[in-house]
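Q: Hi! Could you walk me through this model while I have it open?

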Amino acid sequence: MSARATAPADAATAPAAPTTLEVDALTRIPLFRGVDTNVVAPLLRNCETASIEAGEPLIEAGRPNEKLYILLEGRLSVRLKSPDSQPLAYVEPGETVGELSLIDHQPTSASVMAETTSRVLVLDEPLVWMLTNTSHAVSGNLLFALVKRLRAGNDMVWESRERVEQYRFHATVDALTGLFNRHWLNQMLPRQMHRAATSGEGLSLIMIDIDHFKQYNDSHGHPAGDQALRKVADAIRDHVRPADMAARYGGEELLVILPACVLAGARVVAERLRRALHATAIVSSCGTELPRVTASFGIAEMAPDASMQDFVSACDRALYRAKAAGRDCVCD
């Protein structure tokens, strides 16, 4: 511990109360709340106090710890790994640190360092157990401190999980359309292909390209084009089966994975989507009605032993045939 400790009072000449703490100060420490000070004060009289300069560590992560520290003055920070990491929590006067590693004899899971010049009361392990055995109130207060610490840890775990879920969501979902993105598609399509090859069920793709989308953007502006893309995505979600999966392939191109579906079924779905786009109204953010859009549809069924690139390329070629046929149609 990088700290300056005051030497314990000599046992033969030590006063009946700790030299570093007034009896009234004990009652303001949560660990001793409700405790008979006449009982615990004599036990604390030989405790040392340690002064820690701002930026110095009190506890280092990954090391054994056999002491419980009570912050008397200043402020401490708790950091998950190194002292250079961002603080997870702060310790205020009266609060304790080190109790978990003292109890379970495991290396400390976090670092504790002084945010400002601080002073701590140092209780070694035998004294902690002596206090808990002597006073039920100390035992209860220590248990309460542990529960509070664990609850705070649980809250941080849940917050971390929520952040991970948010990151995962943004890593797989296209922000504009709400459909899955290309990264997700590259992960999911090979799995679906493997499942179809193993089960013997068909697997089909629909590739969709909004007709003359560049002209739409040039004529009505990119915000209008974005709104059109969103409405197309909404129409696709509303007119496919629950098991079907739609992704934004790139730009104005969208791709729909149709599990357990052969080419004839893919044509039915694509025609349903084509008609749905005809009926989809597009309104700008200011309430102005915009022109509706159409799209060209290419469909393909997975061939035996086809690679993902082969499968998508077959669908892409079908899409170009639909464009060559005059757009707003379905081709295989």
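Q: Which backbone oxygen lies 2.8 Å from a polar atom of the side chain of asparagine 65?
A: The backbone oxygen of lysine 67. Before we go on, this is a predicted model, where local features need pLDDT of at least 70 and side-chain atom pairs count only at pLDDT 80 or more, while totals for chains, interfaces and linings use all residues. Residues are numbered from 1 along each chain as its sequence is written, and side-chain values use heavy atoms, with hydrogens and water left out.

Q: Thanks! What does the side chain of asparagine 65 reach at 3.1 Å?
A: That would be the backbone oxygen of glycine 98. A polar contact here is a pair of N or O atoms within 3.5 Å; within protein, one must be able to donate a hydrogen and the other to accept it, and residues adjacent in sequence count only if both atoms are side-chain atoms.

Q: Where does asparagine 65 lie, and is asparagine 65 buried or exposed?
A: Asparagine 65 sits in the loop between β3 (57-59) and β4 (67-73). Helices (H or I, at least four residues) and strands (E, at least two) are DSSP runs, numbered from the N terminus. With a relative accessible area of 8%, asparagine 65 is buried. Buried means under 20% relative accessible area, exposed over 50%, and partly exposed in between (1.4 Å probe, protein chains only).

Q: And which residues is asparagine 65 in contact with, leaving aside neighbours within four places in sequence?
A: Gly98, Ser101, Leu102 and Thr108, where contact means heavy atoms within 4.5 Å.

Q: New topic: which residues touch the most other members of the largest nonpolar core?
A: In that core of 32 residues, they are Ile206, Ile208, Ile236, Val256, Leu273 and Phe297. A nonpolar core is a set of buried Ala, Val, Leu, Ile, Met, Phe, Trp, Tyr and Cys residues joined through side-chain atoms within 4.5 Å.

Q: Which elements each supply at least two residues of this core?
A: β10 (203-210), α7 (213-220), α8 (222-238), β12 (253-259), α9 (263-278) and β15 (295-301) do. The biggest giver is α8, with 7 residues. There is also a second, separate core of 21 residues, which includes Ile29, Leu44, Leu121 and Leu146. In soluble globular proteins, nonpolar side chains tend to be buried together.

Q: OK, α9 then. Which residues of α9 are buried?
A: Ala266, Val269, Ala270, Leu273, Arg274, Ala276 and Leu277. They cover an arc of only 160 degrees around the axis, so they end up on the same side of α9. The arc is that of the directions from the helix axis to the C-beta atoms.

Q: What do those buried residues of α9 pack against, and what does the face turned away from the buried side carry?
A: They pack against β10, α8, β12, β15 and β16 (330-331). The face turned away carries the exposed residues Ala264 and Val268.

Q: Are phenylalanine 213 and tyrosine 216 buried or exposed?
A: Both are buried. They lie in helix α7, 3 residues apart, about one turn of the helix. As for the other pair, tryptophan 184 is buried at 9% relative accessibility, whereas phenylalanine 180 is partly exposed at 29%.

Q: Last stop, α6 (residues 182-199). What caps the N-terminal end of α6?
A: Asparagine 181 does, with a side-chain oxygen 3.2 Å from the backbone nitrogen of histidine 183. After α6 comes glycine 200, whose phi is positive, near 85 degrees.

Q: And aspartate 174, where is its place?
A: Aspartate 174 is in the loop between α5 (136-172) and α6. Its side chain makes a polar contact with the side chain of threonine 177 (2.7 Å). Aspartate 174 also touches Leu179, Phe180, Asn181 and Arg248, not counting residues up to four places away in sequence.
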